Amino acid sequence: MSSPSSLHDLAQRVCDWQRQHGRHHLPWQGTQDPYRVWLSEIMLQQTQVSTVIPYYERFLERFPTIHSLAQATQEEVMPYWAGLGYYARARNLHRCAQVVAREHGGRFPKSAEEIATLPGIGRSTAAAIAAFCYGERSSIMDGNVKRVFTRYFGIHGYPGLRAVEQRLWALAEMAVEQASGSLDMAAYTQGLMDLGAQVCTRSKPLCETCPLASDCEARLRGLQDQLPERRPKRVLPERHCTMLLLHRDGHLLLEKQPQTGIWGGLWSLPRYDTLEEMAADCQARGIVMNDDGRMATIVHTFTHFRLHIAPWLLEAPPNVGETRPMEAWVAFDHLAQTATPAPVRALLDALPVS
Ligand code: SF4
């Protein structure tokens with residue numbers, strides 16, 4: 001492992017590199033407004049920069065301040081997130097805005113420690129906000145940084161394991177502690193992100209252009225392909241369901257999901273554990289099930305399981321209404337603006353009726 005003595009100039013090297021070679025024109029750069037920084041950090045979790053940019057800009061156009069977000073209903077917020085996935089992030093974002101507006105007078109707390117007490121903000125995100133907006137000397141540790149640090153220090157073990165993660169946090173803190181007092185925390189924090197995204201990439205890292213190359217353990221020992229170690233393999237359980245795409249007069253039947261659960265607050269299709277269950281529901285609604293309505297099965301992978309969805313497209317008689325409390329008939333030309341989970345969106349996009 002690289003010796004902790006190499007820590008004394010690690011932060012400065014990353015900082016200098018960022019100023020010369022890092023990214024400087026992302027829409028959330030050049031601001032110290034915690035609202036904007038926070039929004040970008042939450043959107044960037046598990047999502048690539050190029051995907052986030054249009055969402056970020058649309059979101060800010062509709063909700064330019066934390067107050068405008070806090071005053072909106074969740075129903076108004078979700079369409080601006082739909083498609084980004086991981087919807088708990090959007091629900092927490094909205095809750096967090098309300099807490100900041102109500103309990104902090106609309107201003108984010110000024111330290112990473114306090115920011116981390118807000119809904120949906122973890123230690124690394126809180127540190128990023130505090131570093132970018134207030135210059136606080138607190139370390140981040142996101143997926144990119146884990147990759148850079150495991151390689152630079154030659155750390156084995158899956159970084160998602162608690163013990164490995166704790167070691168990485170300790171090294172990240174030491175890197176900041178040992179840096180000079182004048183370290184530009186915003187440039188360093190951005191530098192770590194940029195290094196992970198642009199140079200120390202998952203495959204084929206560009207070591208020859210890396211500011212840490214001279215004493216990087218992975219590079220010196222040819223371990224770039226082996227570090228960070230992968231998550232130990234586990235077999236995801238397979239689950240199955242049937243979904244009903246019921247239409248009549250240019251409208252489709254959708255069902256609002258309860259706030260808690262995987263698709264909380266989004267609009268989905270009536271869903272059944274088995275085909276028999278759906279057949280019974282169709283019979284109760286007076287709908288004739290016709291084999292022509294069977295569509296191709298799609299598979300959606302969640303973190304903890306894979307869901308096989310067997311969709312059925314059926315036409316309802318003109319007088320059929322809603323039978324479940326959260327159902328509503330939505331006009332086809334409104335479907336594009338309706339917040340739906342990704343697999344439901346894929347089914348709607350493939351609809352042959354209009
Ligand atoms: Fe990553 Fe290569 Fe830099 Fe090491 S030298 S931190 S492996 S890019």
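Author: Let us begin with the word domain, whose bounds come from an automatic or database domain assignment. By that assignment the protein is divided into domain 1 (4–221) and domain 2 (238–349), and their C-alpha centres lie 37 Å apart. This is a predicted model, in which local features need pLDDT of at least 70 and side-chain atom pairs count only at pLDDT 80 or more, while totals for chains, interfaces and linings use all residues. Residues are numbered from 1 along each chain as its sequence is written, and side-chain values use heavy atoms, with hydrogens and water left out.

Reader: How do you know which number of residues of domain 1 are in contact with domain 2?

Author: Contact means heavy atoms within 4.5 Å, and by this rule seven residues of domain 1 are in contact with 13 residues of domain 2.

Reader: What makes the pair Glu 75 and Lys 256 a salt bridge?

Author: The rule asks for a side-chain nitrogen of Lys or Arg within 4 Å of a carboxyl oxygen of Asp or Glu. In Glu 75 and Lys 256 the closest N and O atoms are 3.0 Å apart, so the pair is a salt bridge. Across the interface of domain 1 and domain 2, the rule finds one salt bridge.

Reader: Why are residues of the shell around the ligand called nonpolar, polar or charged?

Author: Ala, Val, Leu, Ile, Met, Phe, Trp, Tyr, Cys and Pro count as nonpolar, Asp, Glu, Lys and Arg as charged, and the others, Gly among them, as polar. The shell therefore divides into six nonpolar, one polar and two charged residues.
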